[in-house]
Amino acid sequence: MDSQNLNVKSPLARLGELARSVGAGNVSRAVDAVGERRAAEAFTTRRRTPRLRALGGVFAVLATAAAAFAIFTLQLARSAVSWTVDGAPVGEGTYVSPAQKEATVRFSEGSEFAVQRGSRLRVAQAGAKTVKAVLEVGAAHVRIASHSPVGFKIEAGPFSVSPSAVARIMVEWLADELLRVSIFEGETSVYGTPSPLKLHAGQQVSANARDGTVEVGPLAAPAVFTSAVPEVRNAPAPPVSTADPSAVLAPALPGAASRRASWSDSVAVGDYGLVIRDAERRGVASVLIESPLADLVALADAARLSGRIELGKRALSAERSRFPRTSAANDAAFFLGRIADDQEHALTTALTWYETYLAEAPQGHFAAEAFGRRMVAISRQSGRAAARQTAVEYLKRFAGGPHAALARDLLSD
């Protein structure tokens, strides 16, 4: 046997002898130390033969594969956040739409969204680091778990709300134009306003998508919590306008509360019943013929959001017939499409109204939503293949829009 093979055998033989000696019984510390020294010498010798280098290459490949497997396993362990819904079924496209009572969305890391009756929320993304929900209408009480590793984002129209860990907030999207966020605990950032807002416990913000106004004020009274999700026992007072929305404002003057609220004011605070009762007292037919545009808009919103669909359709139609070529008339087309889509499940009618709105207001407040809903309606009515061109157009125009994930899914086939 040549000297090269002897050099290969000698270190391996010594390792084998050391292993056998260790397994044979008790080994003294001195013998153990000698074994350790010999093993180190065997692996650090500079006279490595080609065969040893080959074995080292195999070991390196195996080590790399083992490391890759470990990383893959770790990534699986850190998979997307899971979530369940109590109190309501999950609709197509991960929608939560409780009809009779609130539904609680529970996330696996401990956070909860209590979606109020009559609201519509979609979980658009549930990743290992980010959860994005779209509040299309209504309100949700949000509790972010302590030490949550996940960043939460709630989108409503053009606005985005990002609560901190340990935050307790209420997010409301009213009349498809008014965002209201009440902060009971922790901090929350609001984007989509003229400048980003950083709010803390005890504050409330209202932002109007239609006219761009922003109001920040204090909560009227501290919230009373009866469960993990906050429940507001006292409705917050309407906030006071300010040129500096980052400031906390003093309450309104006592005499201001005695002023009769307009229908628009009543809708803004969620008192839809007052608007409808007042319209019925005055006579709905007279209201639809004689009322100014602002009252028609408020009546349509109050009726839609309280489930009075036929009354809402009449008010929206009156907006379009009496005040054509106004932004309110354009918006009425979008809302008529939503009623046909969500309440009447009449896809053909919904598509007609969405296309009408997009033709009249291609850059309107609800263009992204109308385009996305048109895409979904085409998919449901004619199949996924028929909606792919619309999905391509949607991503060109609204790459970060609320239906972008659905558009990409349509194109994934």
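A361 touches N330 and A367, not counting residues up to four places away in sequence, where a contact means heavy atoms within 4.5 Å. Where does A361 sit? A361 is in the loop between α10 (347-360) and α11 (367-382). Helices here are DSSP runs of H or I with at least four residues, strands are runs of E with at least two, and both are numbered from the N terminus. A361 is buried, at 12% relative accessible area. Buried means under 20% relative accessible area, exposed means over 50%, and partly exposed lies in between, with a 1.4 Å probe and protein chains only. A361 and D331 are 30 residues apart in sequence, and their C-alpha atoms are 8.3 Å apart in space.

A word on the model. It is predicted, so local features need pLDDT of at least 70 and side-chain atom pairs count only at pLDDT 80 or more, while totals for chains, interfaces and linings use all residues. Residues are numbered from 1 along each chain as its sequence is written, and side-chain values use heavy atoms, with hydrogens and water left out.

Now the whole chain. The secondary structure comes to 13 helices and 15 strands. The protein chain has 413 residues, and 40% of them are buried. Take the contacts between residues at least 6 apart in sequence: 47% of these join residues at least 24 apart. The accessible surface comes to about 21300 Å², and carbon and sulfur atoms hold 56% of that. Those areas come from the Shrake-Rupley method with a 1.4 Å probe, and for residues only the protein chains shown count as cover.

Next, strand β7, which is where H141 is placed. H141 is buried, with a relative accessible area of 7%.

On to the salt bridges. How many does the structure hold? There are 22 salt bridges, each being a side-chain nitrogen of Lys or Arg within 4 Å of a carboxyl oxygen of Asp or Glu. One of them joins E155 and K132, at 4.0 Å from N to O. This pair links distant parts of the chain, with E155 in strand β8 (residues 151-156) and K132 in strand β7 (residues 130-143), 23 residues apart. E155 is buried at 14%, and K132 also counts as buried, at 18% relative accessibility.

A second salt bridge is between E187 and K198, at 3.5 Å from N to O. E187 is in strand β12 (residues 187-191) and K198 is in strand β13 (residues 197-200), eleven residues apart. E187 is partly exposed at 38%, whereas K198 is exposed at 52%. There is also a network: salt bridges that share partners join R120, E136, R338, D341, D342, E369, R373 and R380.

A further salt bridge links the side chains of R106 and E112, at 2.7 Å from N to O. R106 is partly exposed, at 33% relative accessible area, and E112 is buried, at 11%.

Then the rings. A search of the whole structure finds 13 aromatic pairs. Rings of Phe, Tyr and Trp (its six-membered ring) pair if their centres lie within 6.5 Å; planes under 30 degrees apart count as stacked, over 60 as edge-to-face and the rest as tilted. Why is the pair of F107 and F152 edge-to-face? Their planes stand at 75°, with the ring centres 5.3 Å apart, so the pair is classed as edge-to-face. F107 is in strand β4 (residues 103-107) and F152 is in strand β8, 45 residues apart. F107 is buried at 5%, and F152 counts as buried at 3%.

F371 and Y394 make a tilted pair, with 6.1 Å between centres and 50° between planes. F371 lies in helix α11 and Y394 in helix α12 (residues 384-397), so this pair ties together parts 23 residues apart in sequence. F371 is buried at 5%, and Y394 is buried at 0% relative accessibility. Ring pairs also link F334, F335, Y354, Y357 and F366 into a cluster.

Last, charges over rings. The rule asks for NZ of Lys or CZ of Arg within 6 Å of the ring centre and within 35 degrees of the ring normal. The charged end of R304 sits over the ring of F335, 4.1 Å from its centre. R120 lies over the face of Y95, 3.9 Å from the ring centre.
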